[in-house]
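Dear colleague,

Here is the structure I said I would pass on. My notes follow below it.

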Amino acid sequence: EAAEREVREAEEALAAAKASTDEEVGWGTIFSGGYLRAFRVGAGLILFQQITGQPSVLYFATSIFQSAGFAAADEASRVSVLLGVLKLAMTGVAVALVDKAGRRPLLIAGVGAIAATLFVLGFSTGSASLAGVSVVALLAYVSAYQVSFGPISWLVVSEVFPARARSK
């Protein structure tokens with residue numbers, strides 16, 4: 001009798017969960033109430049992720065490496081491949097840290113590091129005597145981005161919306 005009651009309760013819970021996810025959420029609903037806050041958080045994170053300028057910095061990575069003494073374009077391109085390996089490794093670090101350290105602390109620390117490294121990168125790029133500093137700043141920038149905005153923005157966006165609104 002107790003087992004039958006537990007089975008019925010489990011079936012009822014499953015039916016209720018299915019009903020709550022099957023409800024259709026319209027576009028108007030997304031821009032109102034609690035959904036609007038989730039939309040603002042998600043859109044804001046993605047906006048700020050793009051504002052960091054990561055594609056632009058990576059576009060000029062080969063030039064930065066060439067100015068640091070990797071004279072041949074082949075050599076600078078090989079170093080750019082190592083930059084990709086660094087990106088992959090730092091994404092692994094983010095995956096390992098995100099649940100322990102938390103999303104918000106990683107994002108806040110990442111924003112600080114991104115701002116600092118972009119300042120140093122902007123100041124040192126173009127100066128032959130500071131070419132090594134440019135490379136270090138570039139690597140630090142990529143590391144900071146990959147531990148913070150790179151993966152965490154998309155993770156938070158996937159978590160912030162209720163399940164029934166994610167498709168919209």
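**Two tyrosines in helix H8**

Tyrosine 141 and tyrosine 145 sit four residues apart in helix H8 (residues 131–147), so about one helical turn separates them. Both of these tyrosines are buried.

Please keep in mind that this is a predicted model.

A search of the whole structure turns up two aromatic pairs. In one of them, the ring centres of tyrosine 59 and phenylalanine 60 are 4.9 Å apart and the ring planes stand at 90°, so the pair is edge-to-face. Tyrosine 59 counts as exposed because its relative accessibility is 63%, above the 50% cut-off. Phenylalanine 60 has a relative accessible area of 46% and is partly exposed. Tyrosine 141 and tyrosine 145 also form an aromatic pair, and this one is stacked, with 6.4 Å from centre to centre and 25° between the planes.

Threonine 52 is found in the loop between helix H3 (33–51) and helix H4 (54–59). With a relative accessible area of 10%, threonine 52 falls under the 20% limit and is therefore buried. Leaving aside residues up to four places away in sequence, threonine 52 touches Ile114, Leu118, Tyr141, Tyr145 and Phe149.

**The chain overall**

The protein chain has nine helices and zero strands. Read from the N terminus, its elements run α-α-α-α-α-α-α-α-α.

As for dimensions, the C-alpha trace spans about 80 × 40 × 25 Å along its principal axes. The radius of gyration of the protein chain is 23 Å, whereas a compact globule of 168 residues would have one near 15 Å.

Of the 168 residues in the protein chain, 30% are buried. The accessible surface of the chain is about 10,200 Å², and carbon and sulfur atoms account for 66% of that surface.

What share of the contacts between residues at least 6 apart in sequence joins residues at least 24 apart? In the protein chain that share is 73%.

Regards

Notes: Residues are numbered from 1 along each chain as its sequence is written. This is a predicted model: local features need pLDDT of at least 70, side-chain atom pairs count only at pLDDT 80 or more; totals for chains, interfaces and linings use all residues. Side-chain values use heavy atoms; hydrogens and water are left out. The radius of gyration is taken over C-alpha atoms; the globule rule is 2.2 Å times the number of residues to the power 0.38. Buried means under 20% relative accessible area, exposed over 50%, partly exposed in between (1.4 Å probe, protein chains only). Contact means heavy atoms within 4.5 Å. Accessible areas come from the Shrake-Rupley method with a 1.4 Å probe; for residues, only the protein chains shown count as cover. Rings of Phe, Tyr and Trp (its six-membered ring) pair if their centres lie within 6.5 Å; planes under 30 degrees apart count as stacked, over 60 as edge-to-face and the rest as tilted.
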